[in-house]
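Keep the coordinates open as you read.

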Amino acid sequence: MIEATSCGGVVIFRGKILLLYKNYRNRNEGWVLPKGTVEENEEFKQTALREVKEESGVTARIVKYLGKTNYQFNTSFDVVDKNVHWYLMTTDSYKSKPQKEEHFYDSGYYKFHEAFHLLKFPNEKQMVEQAYDEYLSLKRANLWPQSMKKF
């Protein structure tokens, strides 16, 4: 078994959640959250911010750590046990540009109920649910950053 670690972000702007549409070899992988592998000597926060930027073109800021999910998948060589560390993030714009080199062909911001139903993987649905609850809680307490410039 191979152990792997990735980091990603649930980016929320004006109450909407950033999603990416992945289609690799016409397998229609579906809507996902931005995430990717930790590089050597990189901190988890750095990985999450870098992956969001690379995969979506979005410059984000971390609001808080959300937690970790775990899943396994098979490759032709072995079984991969993957841990993904998630961060709640904000940004200053709806503008996004999916990274075609990584087979992302669409991106956009969606209302919570739309994002929840579009997401393909149960662990990402769980993270979006947790992130949105945190977002609402911070917003009610006037603690959600209105702008990255003031953050």
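The chain carries 23 positive and 20 negative side chains, and the centres of the two sets are 8 Å apart. Lys and Arg count as positive, Asp and Glu as negative; His and the chain ends are left out. Each charge is placed at NZ of Lys, CZ of Arg, CG of Asp or CD of Glu.

This is a predicted model: local features need pLDDT of at least 70, side-chain atom pairs count only at pLDDT 80 or more, and totals for chains, interfaces and linings use all residues. Residues are numbered from 1 along each chain as its sequence is written, and side-chain values use heavy atoms, without hydrogens and water.

Now the fold. The chain has 3 helices and 7 strands, as DSSP runs numbered from the N terminus (helices H or I, at least four residues; strands E, at least two). Their order is β-β-β-β-α-β-β-β-α-α. The C-alpha atoms fill a box of roughly 50 × 30 × 25 Å along the principal axes.

Lys35 sits in strand S4 (residues 35-37). Lys35 is buried, at 18% relative accessible area. Lys95 is exposed, at 69%. Buried means under 20%, exposed over 50%, partly exposed in between (1.4 Å probe, protein chains only).

Lys95 lies in the loop between strand S6 (79-90) and strand S7 (104-110).
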